[in-house]
Amino acid sequence: MDRTDLQRLTKEELIDLVLRIQRPEKTSRTSSKPPSSDRKACRDRAKPGGAKAGHKGHSRAMSEDAD
C-alpha cells in the first residue's frame, strides 16, 4: 500500500488500519491459542544442528558373513 492508496481511504478505514497495526501479536497468554504454537524466544539465536565442519565421521564395520 503506497501513499496514494492511503490518501484515498476514508477516515474510518484509516482508523481501522491504524488499530490493526497497533494490535499486539496473539500468543497463548493473550488468546485461546495453545502454548505449543507460540514462537520460541531462543530459536533466533540457536546454532544450527548437525555435524560440525572438520568432524571425522564413524560407522559400524561391515560383516564378512552378511546374511
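A: Let us begin with exposure. A residue is called buried when its relative accessible area is under 20%, exposed when it is over 50%, and partly exposed in between. Please keep in mind that the model shown here is predicted.

Q: Is serine 31 buried, partly exposed or exposed?
A: Serine 31 has a relative accessible area of 24%, so it is classed as partly exposed. Its place is in the segment after helix 2, which spans residues 11–22. From the C-alpha atom of serine 31 to that of arginine 45, 14 residues apart along the chain, the separation is 26 Å.

Q: How many helices and how many strands does the protein chain have?
A: The secondary structure consists of two helices and zero strands. The radius of gyration of the chain is 27 Å, well over the 11 Å given by the globule rule for 67 residues, so the chain is more spread out than a compact globule. Along the principal axes, the C-alpha atoms fill a box of roughly 80 × 30 × 30 Å.

Q: What percentage of the residues count as buried?
A: Of the 67 residues in the protein chain, 1% count as buried. The accessible surface of the chain is about 7200 Å², and 53% of that surface belongs to carbon and sulfur atoms.

Q: Which side chains meet at 3.5 Å?
A: Those of aspartate 5 and arginine 8 form a salt bridge, with 3.5 Å from N to O. Both residues belong to helix 1 and are three residues apart, about one turn of the helix. Aspartate 5 is partly exposed, because its relative accessible area is 30%. Arginine 8, with a relative accessible area of 65%, is exposed.

Q: Which side chains meet at 3.6 Å?
A: The side chains of aspartate 16 and arginine 20 do so, with 3.6 Å from N to O in their salt bridge. Both lie in helix 2, four residues apart, which is about one turn of the helix. Aspartate 16 counts as partly exposed at 39% relative accessibility, and arginine 20 is partly exposed with a relative accessible area of 47%.

Q: How far apart are the mean positions of the positive and negative charges?
A: The protein chain has 16 positive and 11 negative charges, and their mean positions are 8 Å apart.

Q: Which residues make the nonpolar surface patch?
A: For such a patch, each residue must have over 30% relative accessible area and no salt bridge, and nonpolar side chains are joined within 5 Å. Here Met1, Leu6, Leu14 and Val18 make a nonpolar surface patch of about 360 Å².

Q: Where do methionine 1 and leucine 6 lie?
A: Methionine 1 is placed in the segment before helix 1, which covers residues 3–8. Because its relative accessible area is 70%, methionine 1 is exposed. Leucine 6 is found in helix 1 and counts as partly exposed, at 35% relative accessibility.

Q: How far apart in space are leucine 6 and leucine 17?
A: From C-alpha to C-alpha, leucine 6 and leucine 17 are 9.7 Å apart, and they are eleven residues apart in sequence.

Key:
Residues are numbered from 1 along each chain as its sequence is written. Side-chain values use heavy atoms; hydrogens and water are left out. Patches are made of residues with over 30% relative accessible area and no salt bridge: like charges are joined within 9 Å, nonpolar side chains (Val, Leu, Ile, Met, Phe, Trp, Tyr) within 5 Å. Accessible areas come from the Shrake-Rupley method with a 1.4 Å probe; for residues, only the protein chains shown count as cover. A salt bridge is a side-chain nitrogen of Lys or Arg within 4 Å of a carboxyl oxygen of Asp or Glu. Buried means under 20% relative accessible area, exposed over 50%, partly exposed in between (1.4 Å probe, protein chains only). The radius of gyration is taken over C-alpha atoms; the globule rule is 2.2 Å times the number of residues to the power 0.38. Lys and Arg count as positive and Asp and Glu as negative; His and the chain ends are not counted. The place of a charge is taken as NZ of Lys, CZ of Arg, CG of Asp or CD of Glu.
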